[in-house]
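Me: I would like to learn how to read a few features of a model. Can we take them one at a time?

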Amino acid sequence: MSKNPRTPEVEFEFRHRQPVQIRFNDIDIFGHLNNSVYLQFMDLGKAEYFRNLLPDGRFDPMEVGLVVANINCDFYSPTKMEEQLEVLTAVSSISNKSLILEQRVVNSASGDVKCRALSVMVSFDPRTGASEAISEEWRKRIAGFEQREI
């Protein structure tokens with residue numbers, strides 16, 4: 001992928017790719033994509049990723065029951081207005097009540113990694129607001145989509 005030596009190697013294939021569109025107001029005074037926009041793009045990738053796991057393809061946050069508890073994002077390369085971007089999304093690990101989602105925003109033509117984020121997402125019951133174990137059904141859906149043991 002990226003020729004930047006600071007970019008961590010990929011440990012698995014990203015099976016979800018979401019093209020995103022850069023808008024004029026996404027660009028900062030330096031002519032680069034504003035850092036906050038990358039997180040917005042990754043939100044689009046998250047929603048589409050989980051939509052792909054659902055039988056009817058309808059993403060309902062009240063049904064999915066996952067919330068972001070922590071995001072760490074490393075930026076590697078600036079993005080210019082004319083670049084074509086896509087968000088790569090994968091679940092890298094699952095524990096009892098949480099999972100780690102790895103996302104990368106990349107130039108779809110060159111493969112240059114613009115940034116990489118690791119998000120800890122916690123499973124919870126939206127009716128009570130209490131955390132809960134990730135169901136076996138979700139574990140199977142994720143492993144099936146990722147085509148690997150997680």
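Me: In which element is Ser36 found?

Reply: First, the ground rules. This is a predicted model: local features need pLDDT of at least 70, side-chain atom pairs count only at pLDDT 80 or more, and totals for chains, interfaces and linings use all residues. Residues are numbered from 1 along each chain as its sequence is written, and side-chain values use heavy atoms, with hydrogens and water left out. Now your residue: Ser36 is found in helix 1. Helices (H or I, at least four residues) and strands (E, at least two) are DSSP runs, numbered from the N terminus.

Me: Which class does Lys114 fall into?

Reply: Lys114 lies in strand 5. Its relative accessibility is 3%, so Lys114 counts as buried. Contact means heavy atoms within 4.5 Å. Leaving aside neighbours within four places in sequence, Lys114 is in contact with residues including Tyr38, Asp74, Phe75, Glu83 and Val105.

Me: How do I describe two packed helices?

Reply: Use the angle between their axes and the distance between the axes. Axes are lines fitted to C-alpha atoms, for helices over the stretch in contact, and angles run from 0 to 180 degrees between N-to-C directions. Here the axes of helix 1 (residues 35-53) and helix 3 come within 9 Å and cross at roughly 105°. Therefore helix 1 is roughly perpendicular to helix 3 (65 to 115 degrees).

Me: Which residues make the contact?

Reply: Helix 1 gives Tyr49, Phe50, Asn52 and Leu53, while helix 3 gives Trp138, Arg141, Ile142, Phe145 and Glu146.

Me: What shows where empty space is left?

Reply: Rolling a probe the size of a water molecule over the atoms does. On a 1 Å grid over the protein atoms alone, a pocket is an open set of points where a 1.4 Å probe fits, with protein on both sides within 12 Å along at least five of seven lines; lining residues have an atom within 4 Å of a point. The largest pocket here has a volume of about 260 Å³, the space filled by probe spheres set on the points, which are joined across faces, edges and corners.

Me: Which residues lie nearest the centre of the largest pocket?

Reply: Glu63, Val64, Glu132, Ser135 and Trp138, out of 20 lining residues. Helix 3 supplies the largest share of that lining, four residues.

Technical notes:
Angles under 35 degrees count as roughly parallel, over 145 as roughly antiparallel, 65 to 115 as roughly perpendicular and the rest as oblique. Buried means under 20% relative accessible area, exposed over 50%, partly exposed in between (1.4 Å probe, protein chains only).
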